[in-house]
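Me: I would like a close look at a single part of this model, followed by an account of its surroundings. The structure is below.

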Amino acid sequence: MPAATPYLCVDLDRLRRNVRVAAEFAAGHQVALRPHVKTHKSPEIARLQLVHGAAGITVATIGEAELFARHGCEDVFIAYPQWVDERSAGRLRELSEKARVAFAVDSPAAAANAGRLLGRTPVEVLVEVDSGQHRSGVAPAEAGTVATTAVRAGLEVRGVFTFPGHSYAPDGIEAAARDEADALRTAREAVEAAGVEVRVVSGGSTPTFRHSDTSVVTELRPGVYVFGDAQQWELGVIGPEEVALTCRATVVSHSGGRAVVDTGSKLLGADRAAYSTGYGRLPAHPDARVVLLAEQRAVIDFGGAPLPRLGSQVDVVPNHVCNAVNLVDDLWVEEAGALRAWPVAARGLNC
């Protein structure tokens with residue numbers, strides 16, 4: 001039991017339901033599910049996802065891949081472009097002895113460099129293409145050049161992938177899903193025209209998960225869906241009844257006619273997207289908003305509704321759950337009125 005508030009609390013029943021529903025959706029549409037575990041960083045939750053049929057996991061870093069492989073995850077995709085050096089190549093070779101492993105490349109130079117160090121090893125690559133977020137990824141029509149460079153350098157090319165991150169915008173989800181399909185279709189055609197087999201066409205984000213064109217994609221990689229957060233709530237992707245992680249906090253003041261609670265940016269995270277109506281939401285009080293965020297305190301405006309009494313506890317939904325989880329050592333899992341700790345085992349593994 002945590003000594004005191006604030007702490008991040010997981011509703012296990014909701015978590016299990018979210019995992020099950022996503023798995024059933026993927027199975028029903030005959031696509032593989034490869035969830036992004038950087039959201040939860042928890043081997044316990046990864047095992048739950050795998051038990052429900054996930055084909056493997058997606059991670060952000062080699063360090064995360066190593067941690068989850070040590071905990072029994074046998075198929076790991078590092079979904080970010082890598083510039084491989086001697087040290088990272090050694091780590092990837094060692095990792096490939098424990099699990100099937102792949103990582104992203106998004107330029108001929110990166111593919112050639114990776115092949116120089118990892119050619120003719122079991123490590124695979126996927127070509128990342130830009131579908132509209134403009135963060136990383138090659139233009140879809142140029143994917144064939146990257147793939148052929150990788151093959152010539154001795155690398156096994158698994159396929160193509162993208163992240164439709166521009167789906168994180170009001171009224172942008174369906175358009176981002178169309179962009180994802182168009183980019184992946186073009187990329188697949190370009191790679192196949194270059195004479196390279198495409199075994200995997202991977203897409204997905206939590207907002208686009210149910211909108212992805214499953215006649216194009218063969219694999220989906222949502223992450224936030226396990227918990228939900230205030231961003232997903234405000235985008236209309238989920239309702240408050242689906243949120244599985246909150247920050248439990250105590251009301252410590254009624255200053256200025258608003259509730260002040262004993263949590264802040266050091267637990268909730270400081271993210272606030274342009275479309276967010278506050279720094280967090282309260283499932284039990286849908287009209288309330290976190291209107292001011294300090295490091296250790298948050299101010300909640302209840303819009304004229306009665307304030308929770310001093311000393312009472314409230315649950316606050318972080319705007320961006322991935323950042324909130326990365327700020328704590330343990331998640332406190334709630335089931336049948338009891339709490340137990342699940343370590344955030346992959347916290348801090350940033351390389």
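Which residue in β5 is the bridge partner of I78?

Reply: The model is predicted, and what follows describes that prediction. In β5, F103 is the bridge partner of I78. That bridge belongs to the pairing of strand β4 (residues 75-81) with β5, which run in the parallel sense and share five bridges. Strand β5 itself covers residues 100-105. Five of its six residues are buried, so β5 is largely enclosed by the rest of the structure.

Strand β8 (residues 200-203) and strand β9 (residues 219-220) run parallel and are joined by two bridges. There, G203 has L220 of β9 as its bridge partner.

Next come the helix α5 and its contact with α6. Helix α5 spans residues 108-118 and helix α6 spans residues 143-152; their axes come within 8 Å and cross at roughly 15°. Because the angle is under 35 degrees, α5 counts as roughly parallel to α6. The crossing of the two is right-handed. On the α5 side the contact is made by P108, A111 and A112, and on the α6 side by T145, V146, T149 and A150. By class, five of the residues in the contact of α5 with α6 are nonpolar, two are polar and none is charged.

R120 lies in the loop between α5 and β6 (124-128). Its phi is near 60°, a positive value in a residue other than glycine. R120 is exposed, with a relative accessible area of 71%. H134 lies in the loop between β6 and α6. The phi of H134 is near 65°, again positive in a residue other than glycine. With a relative accessible area of 63%, H134 is exposed. As background, most residues other than glycine have a negative phi, and most peptide bonds are trans.

A cis peptide bond joins T5 and P6, with omega at about 5°. P6 lies in the segment before β1 (7-11).

The axes of helix α1 (residues 12-28) and helix α2 (residues 43-51) come within 9 Å and cross at roughly 40°. That angle makes α1 oblique to α2, and the crossing is right-handed. From α1 the contact uses L15, R16 and V19; from α2 it uses I45, L48 and Q49. Four of the residues in the contact of α1 with α2 are nonpolar, one is polar and one is charged.

The α2 helix also has partners other than α1. Its buried residues are P43, I45, A46, L48 and Q49. These buried residues pack against α1, α3 (62-70), β16 (330-335) and β17 (338-343). Just after α2, G53 takes a positive phi of about 105°.

A298 lies in strand β14 (residues 298-301). A298 is buried, with a relative accessible area of 1%. Leaving aside neighbours within four places in sequence, A298 is in contact with A259, V260, V261, T263, V290, L292 and L293. From G137, A298 is 161 residues away in sequence and 38 Å away in space, C-alpha to C-alpha.

To return to the part asked about: I78 is bridged to F103 in β5, within a parallel pairing of β4 and β5 over five bridges, and β5 is a strand with five of its six residues buried.

Terms used. Residues are numbered from 1 along each chain as its sequence is written. This is a predicted model: local features need pLDDT of at least 70, side-chain atom pairs count only at pLDDT 80 or more; totals for chains, interfaces and linings use all residues. Side-chain values use heavy atoms; hydrogens and water are left out. Axes are lines fitted to C-alpha atoms, for helices over the stretch in contact, and angles run from 0 to 180 degrees between N-to-C directions. Helices (H or I, at least four residues) and strands (E, at least two) are DSSP runs, numbered from the N terminus. Angles under 35 degrees count as roughly parallel, over 145 as roughly antiparallel, 65 to 115 as roughly perpendicular and the rest as oblique. A crossing is left-handed if the near helix is turned anticlockwise from the far one by less than a right angle, and right-handed if clockwise. Contact means heavy atoms within 4.5 Å. Ala, Val, Leu, Ile, Met, Phe, Trp, Tyr, Cys and Pro count as nonpolar, Asp, Glu, Lys and Arg as charged, and the others, Gly among them, as polar. Buried means under 20% relative accessible area, exposed over 50%, partly exposed in between (1.4 Å probe, protein chains only). Two strands pair if DSSP finds at least two bridges between them.
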